[in-house]
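I opened this model to look at how its parts meet. My notes follow, in the order I looked things up.

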Amino acid sequence: MKAIELTNENFEKEVLASDVPVLVDFWAEWCGPCRMLSPVVEQVAEGAQGFKVGKVNVDYESDLAEKYGISSIPCLIVFKGGKEAARSVGVIPKDRIIQLVSQAV
Amino acid sequence: MKDIIIIGAGPAGLTAAIYALRSGKSVLLIEAKSYGGQIINAAKIDNYPGLPNISGFEFAQKLYEQATSFGAEIVYETAVSVEDNGKTKLVRTKSGEHEAKAVILATGARNKPMGLSREDKLLGKGVSYCATCDGMFFRKKEVAVFGGGRIAVEDALFLSDYCSKVYVIHSQMRFGAAPSDVEKLKARENVEFVLESNVTALLGEEKLTGIEVTNKKDGSKRKINISGLFVAIGQMPDNGAFANMVELDEKGYIAAGESCLTKTNGIYAAGDCRTKEVRQLTTAAADGAVAALAACSRI
């Protein structure tokens with residue numbers, strides 16, 4: 001499954017009310033490291049089992065970025081039961097992303 | 001078995017791959033994080049000949065595509081050791097092992113941390129190592145840059161376009177950056193220089209609210225309220241895993257001359273991980289070519 005484009009409108013339904021944990025990638029077009037990480041997050045999304053993956057473009061969704069105190073990107077947050085369960089800042093390899101999710105699952 | 005294993009897929013490693021592949025050798029790149037190396041953090045590159053105004057991301061992408069178009073293979077694993085078995089070398093990673101006739105170490109360097117308490121905790125909560133990534137979150141806010149080299153000065157210039165105030169905290173009086181950039185920075189009205197001083201404490205519980213700065217000369221301390229601290233105090237290498245195969249200098253860089261040869265036959269060092277005076281994209285690329293051709297002529 002592809003990563004879901006998250007917005008202020010669908011965040012509640014897709015993430016906070018989700019019955020499975022959600023890995024959310026906060027990113028922006030102008031951030032080089034974000035663009036390195038994005039394809040890896042997409043790979044994780046393709047193989048996701050028992051969780052789903054979404055991404056927030058902080059340029060368009062500055063309310064979400066502010067709400068979750070994002071001040072460094074790329075930032076990955078795992079939400080479980082509507083709450084933040086894990087967070088990681090910067091480029092990390094695929095196995096570390098999976099580790100981050102499995103901590104929460 | 002591959003002809004050449006290259007550890008690190010930054011500019012040096014990818015250039016080495018291009019040269020080796022064009023010489024008809026097979027290549028495996030082993031990369032711990034993502035290809036491109038530190039350059040992916042650069043918003044704009046203005047000093048690589050022939051490619052003015054390219055972004056770091058675009059540069060890395062083009063270089064990667066060039067290397068893979070010639071047949072470079074890449075695995076994302078962390079190398080933990082290299083073993084010399086004479087004609088062959090064995091590279092162990094956290095998840096496996098790979099064998100080749102020659103190894104090029106192109107492990108680069110990473111940002112040097114400040115070594116302050118709670119630095120890790122506040123990373124991403126006001127402490128950042130990438131102004132071009134995170135500067136936008138501090139629009140109209142007060143921030144500080146810690147450092148006085150090229151990257152620190154470029155970061156401060158970039159931030160002063162967006163932030164209400166930028167403190168530049170530097171342990172020396174003089175800057176190690178292009179004089180034209182330093183002059184530009186001095187002319188900015190929203191920039192305050194705090195020289196001969198170090199950041200000695202991070203303030204704030206859940207997120208950064210300020211820093212303590214200590215003057216090196218008289219020991220006086222000053223508190224500065226800021227919401228963002230951009231750290232650019234230099235780089236450090238990460239070559240400890242290979243210390244048994246190559247000689248490291250006192251800072252941990254691999255001792256190898258312009259020929260990129262290390263003390264072990266068939267093991268080469270290229271790019272920022274090597275002892276050298278100038279660490280630039282161009283010198284990384286040059287090392288990649290030199291190391292690859294040396295490796296090719298040996299196997």
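**Chain A against chain B.** I began with the contact between the two chains, bearing in mind that the model is predicted. Chain B puts 21 residues into this contact, and chain A puts in 16. Which elements of chain B give two or more residues to its side? I found α2 (56-69) and α4 (131-134) of chain B. I then sorted chain B's side by class. There are 8 nonpolar, 9 polar and 4 charged residues.

**Inside chain B.** Next I looked up the domains. Domain 1 of chain B covers 2-111 + 235-298, and domain 2 covers 119-231. Their C-alpha centres lie 32 Å apart. I checked how they touch: 4 residues of domain 1 are in contact with 6 residues of domain 2. On the domain 1 side I noted 2 nonpolar residues, 2 polar and no charged.

**Two helices of chain A.** I turned to helix α2 (residues 32-46) and helix α4 (residues 94-104) of chain A. Their axes come within 10 Å and cross at roughly 55°. Angles from 65 to 115 count as roughly perpendicular and those under 35 as roughly parallel, so I wrote down α2(A) as oblique to α4(A). The crossing is right-handed.

Which residues make this contact? From α2(A) I listed A:Val40, A:Val41, A:Gln43 and A:Val44. From α4(A) I listed A:Lys94, A:Ile97 and A:Ile98. By class, the residues of this helix contact are 5 nonpolar, 1 polar and 1 charged.

Notes
Residues numbered from 1 in each chain as written. Chains lettered and ligands numbered in written order. Predicted model: local features only at pLDDT ≥ 70, side-chain atom pairs only at ≥ 80, totals over all residues. Domains from an automatic or database assignment. Contact = placed C-beta atoms within 7 Å. Nonpolar A, V, L, I, M, F, W, Y, C, P; charged D, E, K, R; others polar. Axes fitted to C-alpha atoms, helices over the stretch in contact; angles between N-to-C directions. Helix = DSSP H or I, 4+ residues; strand = E, 2+ residues; numbered from the N terminus. Parallel < 35°, antiparallel > 145°, perpendicular 65-115°, else oblique. Left-handed = near helix turned anticlockwise from the far one by under 90°.
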